[in-house]
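Subject: Two-chain model for you to look at

Hi,

Here is the model I said I would pass on. Have a look at it below, and then read on for what turned up when I went through it.

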Amino acid sequence: MAPLKILVLGHSHITALAKAFHRGEPGVSMDFVLLNNPEYQPPLSDEGLHPAILEKIHAARAGLHVSLLGGNDHSIIGMLNHPRRFDFVLPEAPDLPVDETAEILPAGLLLAHLAQRVAPHLAVLALYRAAVPGRLVHVESPPPIPSEAHIRAHPGVFREMIEERGVSPALLRYKLWRLHSELYARECARIGVEFLPAPEAMRDEQGMMRPEAWNPDPTHGNALYGRHVIGSLLAA
Amino acid sequence: MSNPYQTLPDTAFWRRAVATLPPEAVDPVVAPPFLISPADAVVTAGSCFAQHIGPTLQGLNFNYLITEPAHPLATQEQARAFNYGVFSARWGNVYTARQLLQLFHRAYGNFYPVEDMWGGENCWIDPFRPQIQPGGFLSQREYKLDRARHFAAIRRAFEALDVFVFTLGLTEAWVSRVDGAVFPLCPGVAGGEFNPARHEFHNFTVGEVAEDMVAFIGALRSVNPRARVILTVSPVPLVATAREGTHVLVATAYSKAVLRVAAEMVTQTLPGVAYFPAYEIITGRYDAGTYFAADRRSVVAPGVSHVMRCFVTGFSTQAGAPAPPPPPASDYEPQMEAAMQVHCDEIALDQG
């Protein structure tokens, strides 16, 4: 039987899957369209998806289409301490601790703000949906890495900003990730895309990323994480 | 033969102060009892027309005090949608004098309305500011935390202000039969559920409005003795009247007359209280009705400009002074966005 052909389209979280695939993932054939590449810029215009993206989508003749579009907008607003520290009550888990020494923002305001940030990615997702028949799965972005020590040890381009501002509390980063995921899940339901949650096995008891899944950087999963995502895709 | 009119200023004569002037030159502010200096902290509240006042003051070299400001993450549009900066605190529209008085008592823990939260499931509404944010509060805990902070912001505003500008908007209100709590909107309109056993209509009389304003100013001065007050009356007609058998035009005329008289009674009674004739500027008819939009209700921008021009000319010690530069925009998010782009691009390169 021919291996299942999977086309994965998205941004940097693709890397975890690509690494896993290149290290050997039997039974599947995967192709990756990394929108960070200049050849796909801008992914979206008044005419729709960039022609090079459309060409990749149609040429793939994939049995399964996968989106890892976006996935770090929550980190943009919440990975480091804001000069005006903030927190909020997560609507889906209102009993989680809230730092009452910080400004408490309405969750709806943060949702609105994140919605504005992710809108371009969701627009691409909707056009991806329109471009292909059959199954299209969007993979939830990885949960945050709870360890401040890990982030400080692998700061990358954030080194100076981390020194200046400090890493924000893991729980705040978790809550922002949940809002971010809610926006994607809502849009997926609206446009007929399956929403695949982050692999349970890669999440700790608080729902954040387990240490063995941490890539040596502040926000991404590693090849093991990617392998679990591929496993979830094939099981779904 | 002499008579008392001979010594009166031009402003006392319709022909000289209204009839022969271009509409935009009519300025009915005469000898206010006090002026506002750039250092004076100004706080605003009131009906929907009052929403024009605060943001305009900010651009006119007034020290507009905001004690519940938007977080810098919010864009201008998001902040506006969530009612940050519309008034000095996120109290929403305060239409009646009784509502204002109760707002004070609620903020200071002297009044706990029985009906103080509407909703359930995924949306909780504050009955006393039901449209304060799109979609309401998304959890009961968020609602309670936000309200506690809101009350603290109210107290800071009342205690730090030098001048309080209040626009009287309505006499008609819906009140709780249980404890007299005044709702800004009828329950069921933007949250809650109307129940005739619990809610009743009340049209405040001129005596009640004046008494409530006097009581409020007394309460305000109990926490801030230096507080000066400017009263205005909203020129915006009622969107609807709940008075049976009464045309909305007639109900509007009555309500505005009551508010106007009550404002006059208070300014005549208390020191340090001024009346600002926004109502007269908009409804004076010398402009041939051009200050209202096609719906004959909304005040158009030239009308608002006229009102604010008269306010500045009449009340500011530094009329026409340039506004201070706006505060620098927060660079947190753009910096993070740029760094995240580089970060993700670098990670994306590593496919091995």
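In the largest nonpolar core, which has 85 residues, the members that touch the most others are Val8(A) and Leu17(A). Helix H4 of chain A, residues 107-131, gives the largest share of this core, with eleven residues. Do keep in mind throughout that this is a predicted model. If you click on Val8(A) and skip its neighbours within four places in sequence, you will find it in contact with Ile14(A), Leu17(A), Met30(A), Phe32(A), Val66(A) and Leu68(A). There is also a second, separate core of 76 residues, and its members include Phe62(B), Leu100(B), Val229(B) and Tyr279(B).

Now for chain B as a whole. It has ten helices and ten strands. Its radius of gyration is 23 Å, close to the 20 Å from the globule rule for 352 residues, so chain B is as compact as a globular protein of that length. The box that its C-alpha atoms fill, taken along the principal axes, is roughly 105 × 55 × 45 Å. As for burial, 42% of the 352 residues of chain B count as buried. Take the contacts in chain B between residues at least 6 apart in sequence: 71% of them join residues at least 24 apart.

Five strands make it up, in the order S2-S1-S5-S9-S10 (chain B), and it is an open sheet with parallel pairing. At the edges are strand S2 (63-64) and strand S10 (273-275) of chain B, each of which pairs on one side only. Helix H7 of chain B, residues 248-269, packs on this sheet and touches strand S5 (163-168), S9 and S10 of chain B. The direction of H7(B) makes about 160° with that of S9(B).

Strand S9 (residues 228-233) of chain B is the one I would zoom in on. It pairs with S10(B) in the parallel sense over three bridges. Across that pairing, Val229(B) stands opposite Val273(B), and Ile230(B) stands opposite Ala274(B). S9(B) is also joined to S5(B), by six bridges, and these two strands run parallel as well. There, Phe166(B) has Leu231(B) in S9(B) as its bridge partner.

Is S9(B) buried or exposed? Six of its six residues are buried, so S9(B) is largely enclosed by the rest of the structure. In a regular strand, side chains alternate between the two faces of the sheet. Both faces of S9(B) are covered, with Arg228(B), Ile230(B) and Thr232(B) buried on one side and Val229(B), Leu231(B) and Val233(B) buried on the other.

On to where the chains meet. In chain A, 36 residues are in contact with 35 residues of chain B. On the chain A side, the elements that give two or more residues are helix H1 (14-22), helix H3 (73-78), strand S7 (103-104) and H4 of chain A. The largest share, five residues, comes from H4(A), the helix that also gives the largest share of the 85-residue core. By residue type, the side of chain A that touches chain B has 20 nonpolar, twelve polar and four charged residues.

Most residues other than glycine have a negative phi, and most peptide bonds are trans. The peptide bond from Gln41(A) to Pro42(A) is cis, with omega near -15°. You will find Pro42(A) in the loop between strand S2 (28-34) and strand S3 (44-45) of chain A. Arg61(A) has a positive phi, near 45°, and lies in the loop between helix H2 (51-60) and strand S5 (64-68) of chain A. Asn83(B) has a positive phi too, of about 60°, and is found in the loop between helix H3 (76-81) and helix H4 (97-107) of chain B. Arg61(A) counts as exposed, with 9 C-beta neighbours inside 10 Å, whereas Asn83(B) counts as buried, with 21.

One last thing, towards the end of chain B. Glu346(B) lies in helix H10 (residues 332-349) of chain B, and is partly exposed, with 15 other C-beta atoms within 10 Å. Glu346(B) and His306(B) are 40 residues apart in sequence, and their C-alpha atoms are 56 Å apart in space.

Cheers

Note on methods:
Residues are numbered from 1 along each chain as its sequence is written. Chains are lettered from A and ligands numbered from 1 in the order in which they are written. This is a predicted model: local features need pLDDT of at least 70, side-chain atom pairs count only at pLDDT 80 or more; totals for chains, interfaces and linings use all residues. A nonpolar core is a set of buried Ala, Val, Leu, Ile, Met, Phe, Trp, Tyr and Cys residues joined through C-beta atoms within 7 Å. A residue is buried if 20 or more other C-beta atoms lie within 10 Å of its own, exposed if 12 or fewer, and partly exposed in between; C-beta atoms are placed from the backbone. Helices (H or I, at least four residues) and strands (E, at least two) are DSSP runs, numbered from the N terminus. Two residues are in contact if their C-beta atoms, placed from the backbone, lie within 7 Å. The radius of gyration is taken over C-alpha atoms; the globule rule is 2.2 Å times the number of residues to the power 0.38. Two strands pair if DSSP finds at least two bridges between them. Axes are lines fitted to C-alpha atoms, for helices over the stretch in contact, and angles run from 0 to 180 degrees between N-to-C directions. Ala, Val, Leu, Ile, Met, Phe, Trp, Tyr, Cys and Pro count as nonpolar, Asp, Glu, Lys and Arg as charged, and the others, Gly among them, as polar.
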